[in-house]
Amino acid sequence: MNIESIWNRFLNDIKKRVSSLSYNTWFKDSNLVLLNEEHAIIIVPTIAHKKHLAESYIDIIKEIFNEITGTNFNIEFLLENEYIKEDINKDEKIEELGVPYNSPEKANLNPDYTFENFIVGESNRFAQATALAVAENPGKMYNPLFIYGNSGLGKTHLMQAIGNYIIQNSNKRVLYVTSDQFINDFLGLNKKNKDGNNFDYIDLFKDKYRNIDVLIIDDIQFLGNAPKTQNEFFHTFNTLYDDKKQIIISSDSSPDDLKHLEDRLRTRFNWGLKVNIFPPDNLLRKEILRKKMSNMDFSNHMSEEAIDYIANMCHSDIRSLEGALTRVCAYSTIFFEEEITLDLAIEALKGTITQSTSFKNDIQKIQKVVSEYYNVSVEDLKSKKRVSTIAFPRQIAIYLSRNLTDESFPRIGMEFGGRDHSTVIHSCDKIANEIKNNSQLAKIIEEIKQKL
Ligand code: ADP
Ligand code: MG
């Protein structure tokens, strides 16, 4: 918005709020010439205008400016000859509009969720890049930015990183809310004040959601249960969007799959850019473990095998990866172990993995998927046959059974034709070692995991 369009909008609005006589007398021939941070200058034709506007109209003028820009300006009325033009680039100044919301608390942001703390890998590279582009250029690049993906993949972190970045680098006003908070605020509109109306609450609501430059709304899928709130959100969206305010939305699925949302909302979500965050690959998981270890105030050393093990265990999301790391570190502290070894990691995570990853694969399913992948029968996997075309897939299935379920070695042995537990351990070690040296195999294992 440049100064001219702000003034035009102001004239439009004031026209509706005062009589046409007043409008023609007091406003038509005035002009807005400066608007910077909290200061506005309006040039008026006569000294009478100066006095009268300052005394009788100041409140409504301020109010309308606030509605348009979200800022409370100190307004000065000057005659043409009293105004000394400053050489400023007005458009640039307008960029800085807005009462600073430059504390994370006010914007409802967690200050730890920054771009610096967000580790980038193949699965989230595109999402991170678009998020940063939006942070550097709010309202201009991709609007709305719609980030979607499964739980625990970093959506909230990334959105809040945008908010924190904008707060640190501009005076723009940022608000982060979950869709639950939005619903609660909306339900608050049913409250009545002592005069029996709810005008105060409506004002509060509008002030909170419309006098901002950036709205970040998390987990939009939950609006699906609240049709009336959807309607209000629709209006909020339109108001902000029309004013070129940045909107950032997250969801567990793409707009097209949000069947409980109204079509007109889904359509709008498709206007900007949709980005998908994928589950982290092995490399990223390990990178995250290493970085988080080094950021923790924690001197214990973790062996590469332990890192490998944790990374393999928690493949579906980053939240469970963090949980596993915390658990292993706590375990090593409790038992005064300075070196976190593979054994310690296994011990610490025993019995937790299936819950923390919500990844429930039983051995039968693994056998079925592996047998299909290699085109051998499940019976063969369980048989004593030793030809490599069968023995190798069998070892992979055993390895995956150990890694993706919390079954014991003996139990796995039983499921694979009554093998001894030492055979199971041997298969697991062999595949784990081969994965390290053979990227082709690592890829195959990833593929099979995806199928599972
Ligand atoms: P979502 O909102 O998708 O459910 P979150 O943003 O809450 O996921 O992420 C879960 C946890 O994982 C958070 O503690 C977050 O900091 C962390 N996390 C997610 N992605 C990354 C990443 N790329 N780098 C570092 N930490 C991450
Ligand atoms: Mg989240």
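Predicted model: local features only at pLDDT ≥ 70, side-chain atom pairs only at ≥ 80, totals over all residues.
Which residues in helix 12 meet which residues in helix 14? Residues are numbered from 1 along each chain as its sequence is written, chains are lettered from A and ligands numbered from 1 in the order in which they are written, and side-chain values use heavy atoms, with hydrogens and water left out.

**View 1. The domains of the protein chain.**
The chain divides into domain 1 (3-79), domain 2 (125-276), domain 3 (282-358) and domain 4 (363-451). These bounds come from an automatic or database domain assignment. Between the C-alpha centres of domain 1 and domain 3 lie 62 Å.

**View 2. The largest nonpolar core.**
This core has 27 residues. A nonpolar core is a set of buried Ala, Val, Leu, Ile, Met, Phe, Trp, Tyr and Cys residues joined through side-chain atoms within 4.5 Å. Buried means under 20% relative accessible area, exposed means over 50%, and partly exposed is in between (1.4 Å probe, protein chains only). F10, F27, L32, I42, I61, F65 and I75 touch the most other members. At least two core residues come from each of helix 1 (3-17), helix 2 (20-27), strand 1 (31-36), strand 2 (39-44), helix 3 (47-69) and strand 3 (74-79). Helix 3 gives the most, with eight residues. Helices (H or I, at least four residues) and strands (E, at least two) are DSSP runs, numbered from the N terminus. In soluble globular proteins, nonpolar side chains tend to be buried together. I75 is in contact with A40, I42, I58, I61, K62 and F65, leaving aside neighbours within four places in sequence. Contact means heavy atoms within 4.5 Å.

**View 3. Helix 2 against helix 3.**
Two packed helices are described by the angle between their axes and the distance between the axes. For helix 2 and helix 3, the angle is about 125 degrees and the axes are 11 Å apart. Axes are lines fitted to C-alpha atoms, for helices over the stretch in contact, and angles run from 0 to 180 degrees between N-to-C directions. The two helices are therefore oblique to each other. Angles under 35 degrees count as roughly parallel, over 145 as roughly antiparallel, 65 to 115 as roughly perpendicular and the rest as oblique. The crossing of helix 2 and helix 3 is left-handed. A crossing is left-handed if the near helix is turned anticlockwise from the far one by less than a right angle, and right-handed if clockwise. From helix 2, S22, T25, W26 and F27 meet A48, H49, H52, L53, Y57 and I61 of helix 3. T25 is partly exposed, with a relative accessible area of 36%. T25 and H49 are 24 residues apart in sequence, and their C-alpha atoms are 8.6 Å apart.

**View 4. Helix 12 against helix 14.**
R285, I288, L289, K292 and M293 of helix 12 meet I318, L321, E322, L325 and C329 of helix 14. Helix 12 spans residues 282-295 and helix 14 spans residues 318-334. They pack at an angle of about 45 degrees, with their axes 11 Å apart. That makes helix 12 oblique to helix 14. Their crossing is right-handed.

**View 5. L215 in strand 6.**
L215 lies in strand 6. Is L215 buried or exposed? At 1% relative accessibility, L215 counts as buried. Not counting residues up to four places away in sequence, L215 touches L175, V177, Y209, F233, T236, L240, Q246, I247 and I248. L215 and R411 are 196 residues apart in sequence and 52 Å apart in space, C-alpha to C-alpha.

Most residues other than glycine have a negative phi, and most peptide bonds are trans. The peptide bond from N143 to P144 is cis, with omega near -5 degrees. P144 sits in the loop between helix 6 (125-136) and strand 4 (145-148). D219 is not a glycine, yet has a positive phi of about 55 degrees. Its loop runs between strand 6 (214-218) and helix 10 (227-242). D219 counts as partly exposed, at 22% relative accessibility. N375, also not a glycine, has a positive phi of about 60 degrees. N375 is in the loop between helix 17 (363-374) and helix 18 (378-382). With a relative accessible area of 72%, N375 is exposed.
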